[in-house]
Amino acid sequence: MTNHTDNELLNSARELMRTEANEILSASERLSTDIVKAARLIYDCRGRVVVVGLGKSGHVGRKISATLASLGTPSFFLHAAEASHGDLGMVRREDIGLFISNSGSSSEVVALLPHFRRIGAKMIAITGVMSSPLAEHSDIVLNAHVDSEGDPLQLAPMSSTTLELVMGDALAAIVTILRGLRREDFAMFHPGGALGRKLLTRVRDVMGTGERLPLVREGMSVKDALFVITSKGYGTACVVDEAGKLTGIFTDGDLRRLMERVGNGAFESLIEDAMTKTPKTITPDSLAVDAVRIMEHNEISVLIAVEAGRPIGIIHIHELLRAGIA
């Protein structure tokens, strides 16, 4: 074991990260419309995107395939070595092969090219060698060349695999734009776990309605309004006019401010003299995660769900926490 100071090792890490970042920047500068052509080819694909790789590029390929699938593009990863032993049977004419190989000359990868060509499947290559067999026989080639891996030994693939991954992400991003994918569409591919809950849950799914809604009418005294507030458990009252339209909100903060102004007479005051007249509201069909953002931005814990100017529900941050949204 050699002796190195912490600063020397820290500087080595920084240098590696700078090297990889510079390689990405260089690649972005030389990027051509070939990546757009590749994205359009994938967008128009009636089959699946078959991502092919081996070794470290294979690990990158698995991630790219997963990203494409998560964004609505059917895709699977095909290990180059396994493909030659029967897995090629999964590839169909309407599929697109997305080959990832830094050298573009790996025998296992090159051996698959004739099969794709024979069945008529289009091929896209991400490679660091534009004169390689993979580049020469692919329909579209994306240049992932790097000048330095950043590895202290200059042996392990580091910059090259990072650039391959970024190139795949850029390709997936363009396809996403072409599809016009929305957050709601993305959620359909992620129904499970926290991500699915955040992107699929609407305010109406978790808000309190009906008997749980703390409604008080203008003209009511603060004392009477407090009975409504304590019975509903939200620490808040929605104030409405005779037509049932929302005119304000009354909270414990409003009560404290009222008592500071009028003292013991606060409880006999009319609710409209104590309420906040510009309450924060949200529509019931809004995403629950948007309710969280509004609450955090305004430093409040309750939102009123409104339709046609009338309060139809109320949502508390605690309900969002229990639902796994906040």
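Contact is taken here to mean heavy atoms within 4.5 Å. By this criterion, residues 24 or more positions apart account for 65% of the contacts in the chain with a separation of 6 or more. The model is predicted, so that local features need pLDDT of at least 70 and side-chain atom pairs count only at pLDDT 80 or more, whereas totals for chains, interfaces and linings use all residues. Residues are numbered from 1 along each chain as its sequence is written, and side-chain values use heavy atoms, with hydrogens and water left out.

The chain contains 15 helices and eleven strands, where helices (H or I, at least four residues) and strands (E, at least two) are DSSP runs numbered from the N terminus. Its radius of gyration is 30 Å, well over the 20 Å that the globule rule gives for 326 residues, so the chain is more spread out than a compact globule; the radius is taken over C-alpha atoms, and the rule is 2.2 Å times the number of residues to the power 0.38. Along the principal axes, the C-alpha trace spans about 85 × 55 × 35 Å. Of the 326 residues, 43% are buried, a term that denotes under 20% relative accessible area, with exposed being over 50% and partly exposed in between (1.4 Å probe, protein chains only).

A nonpolar core is defined as a set of buried Ala, Val, Leu, Ile, Met, Phe, Trp, Tyr and Cys residues joined through side-chain atoms within 4.5 Å. The largest such core has 27 residues, among which Leu98, Ile124, Leu142 and Leu171 touch the most other members. At least two residues of this core are supplied by each of several elements, including helix H2 (34-43), strand E1 (49-53), strand E4 (122-127) and helix H8 (159-179), and H8 gives the most, with five residues. Apart from neighbours within four places in sequence, Leu142 is in contact with Asp34, Ile35, Ile124, Ala125, Ile126, Thr127, Met167 and Leu171. A second, separate core of 19 residues includes Leu88, Val91, Met123 and Ala125.

When residues up to four places away in sequence are not counted, Ala288 touches Thr201, Arg202, Val203, Leu320 and Ile325. The C-alpha atoms of Ala288 and Ala323, which are 35 residues apart along the chain, are separated by 9.5 Å.
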